[in-house]
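Student: I would like to work through this model with you. Where do we begin?

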Amino acid sequence: MARPLDPLGFEDEMCPVCKSRKYLNPDIVFVFNPECYHSMCLNCANRLFNDGPNQCPHAGCNKTLRRKGFRSAFFGDLAVEREVDIRRRVAAVFNQVEEDFETLQDYNNYLQMVEDLTFELVNGTDERRRQAEAQLQAWEAEHRQDIERNKKAGREADEMSRKRLAAERDAARQRRIEAIKEAEEEKRERVRSREMELDNLAKGITTTTTTEPATKVQLKRRGQVNRVAEAAPNPAASAMATGASEVERLSIRGLKEKPKAPAPQGPYDPFGGMDFAPSRYKLHGGLTHPLIEKYRLDRQHVAGGYSFDDFAARALYEAFAGLGVFVADEKEAGSGSGIGLSQETTMAAGIAAVDDADRMDLD
């Protein structure tokens with residue numbers, strides 16, 4: 001069974017010139033030329049093109065290739081390699097940004113045009129590729145100044161980004177150096193403290209009789225170490241601390257009162273507390289009717305999740321809906337508001353039609 005080729009007909013496992021395969025020679029290196037994207041081994045490329053330009057040895061290809069154009073593929077599929085090269089070339093020409101357009105819609109239309117042109121260059125027929133290539137060249141000639149300006153702005157942005165990353169790396173390296181120095185200083189401090197304790201023990205001096213403490217309290221935070229001198233109790237300092245605590249308990253006039261936390265609110269009610277429970281009747285479960293008993297056992301009605309309790313609730317709602325409506329009062333209200341009999345009839349007919357439509361939908 002023949003090994004299938006990729007969609008564009010590229011052969012990346014066998015050299016079309018010397019017929020060498022990567023399976024038999026794992027050290028073979030394949031290269032290709034962006035002019036036609038036909039691959040061959042490196043030895044054949046050097047042998048055929050070192051003396052000057054030559055025609056592509058692939059059958060049916062009439063492209064003239066040069067040795068300096070050959071390179072190794074970054075992707076395993078040459079179709080992907082070709083698409084990436086085309087997109088890189090199109091992006092170098094269509095390099096405008098959103099700030100160059102008046103509205104977001106104009107920028108989106110510009111991006112859509114670029115993507116359509118790229119698709120034609122990648123997957124279009126020969127005629128469409130020639131048209132897209134002509135459109136690309138025309139755009140490049142017409143907007144050459146804008147393209148150069150955007151390239152310059154892009155290079156400046158890349159340079160600023162590189163400088164920022166370099167500054168961040170230098171700052172991180174400086175922090176590491178400082179942390180190493182602080183760790184070494186702490187280690188030396190511990191060694192000095194230990195030697196002092198051993199000297200005091202050798203001289204018979206206990207720590208309780210020394211006038212100065214042998215150790216210091218070290219407070220270490222991120223990036224810095226603050227050492228507090230004289231950890232021994234001081235009567236004057238304790239008195240000052242006591243006085244400060246007494247002052248802190250006193251109230252100070254002129255300060256704004258702190259806002260109190262709002263009272264907790266209940267869950268959000270979109271109906272504003274309205275009660276939709278029926279007031280004229282009470283619905284009990286298990287209501288039956290002879291006309292609907294046969295449907296309770298019908299699988300076509302039960303399987304869809306239809307609830308016969310909803311049917312009973314709707315029937316009772318429609319039955320009691322008009323108990324609080326008086327026709328005479330409604331007529332007086334309509335005549336007082338300036339609505340004629342014909343308009344009332346039209347409105348009533350429209351409401352009835354809507355109710356009938358809703359009823360048909362629900363049925």
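Tutor: We begin with a definition: a residue is buried when its relative accessible area is under 20%, and exposed when that area is over 50%. Keep in mind that the model is predicted.

Student: Is Y37 buried or exposed?
Tutor: Y37 lies in the loop between β1 and β2 (39-41). The cut-off for buried is under 20%. The relative accessibility of Y37 is 8%, so Y37 counts as buried.

Student: What is the phi of Y37?
Tutor: Y37 is not a glycine.

Student: How much space lies in the largest pocket, and which lining residues are closest to its centre?
Tutor: The space in the largest pocket is about 790 Å³. Its lining has 20 residues. Those closest to the centre are P34, E35, Y37, R82 and R129.

Student: Which elements give two or more residues to that lining?
Tutor: By class, the lining has 8 nonpolar, 3 polar and 9 charged residues. The elements that give two or more residues to it are α2 (78-93) and α4 (126-142).

Student: How is the aromatic pair of F101 and Y110 classed?
Tutor: The whole structure has 9 aromatic pairs. F101 and Y110 form one of them, at 5.0 Å centre to centre with 45° between the planes. Planes under 30 degrees apart count as stacked and over 60 as edge-to-face, so this pair is tilted.

Student: Which residues do ring pairs link into a cluster?
Tutor: Y110 is a member of the cluster. Y110 counts as buried, at 5% relative accessibility. The linked residues are F94, F101, Y107, Y110 and W139.

Student: What share of the protein chain is buried?
Tutor: The chain has 11 helices and 6 strands. It exposes about 29,000 Å². Of its 363 residues, the buried share is 16%.

How values were computed. Residues are numbered from 1 along each chain as its sequence is written. This is a predicted model: local features need pLDDT of at least 70, side-chain atom pairs count only at pLDDT 80 or more; totals for chains, interfaces and linings use all residues. Side-chain values use heavy atoms; hydrogens and water are left out. On a 1 Å grid over the protein atoms alone, a cavity is a set of points where a 1.4 Å probe fits but cannot get out, and a pocket is an open set with protein on both sides within 12 Å along at least five of seven lines; lining residues have an atom within 4 Å of a point. Grid points are joined across faces, edges and corners, and a volume is the space filled by probe spheres set on the points. Helices (H or I, at least four residues) and strands (E, at least two) are DSSP runs, numbered from the N terminus. Ala, Val, Leu, Ile, Met, Phe, Trp, Tyr, Cys and Pro count as nonpolar, Asp, Glu, Lys and Arg as charged, and the others, Gly among them, as polar. Rings of Phe, Tyr and Trp (its six-membered ring) pair if their centres lie within 6.5 Å; planes under 30 degrees apart count as stacked, over 60 as edge-to-face and the rest as tilted. Buried means under 20% relative accessible area, exposed over 50%, partly exposed in between (1.4 Å probe, protein chains only). Accessible areas come from the Shrake-Rupley method with a 1.4 Å probe; for residues, only the protein chains shown count as cover.
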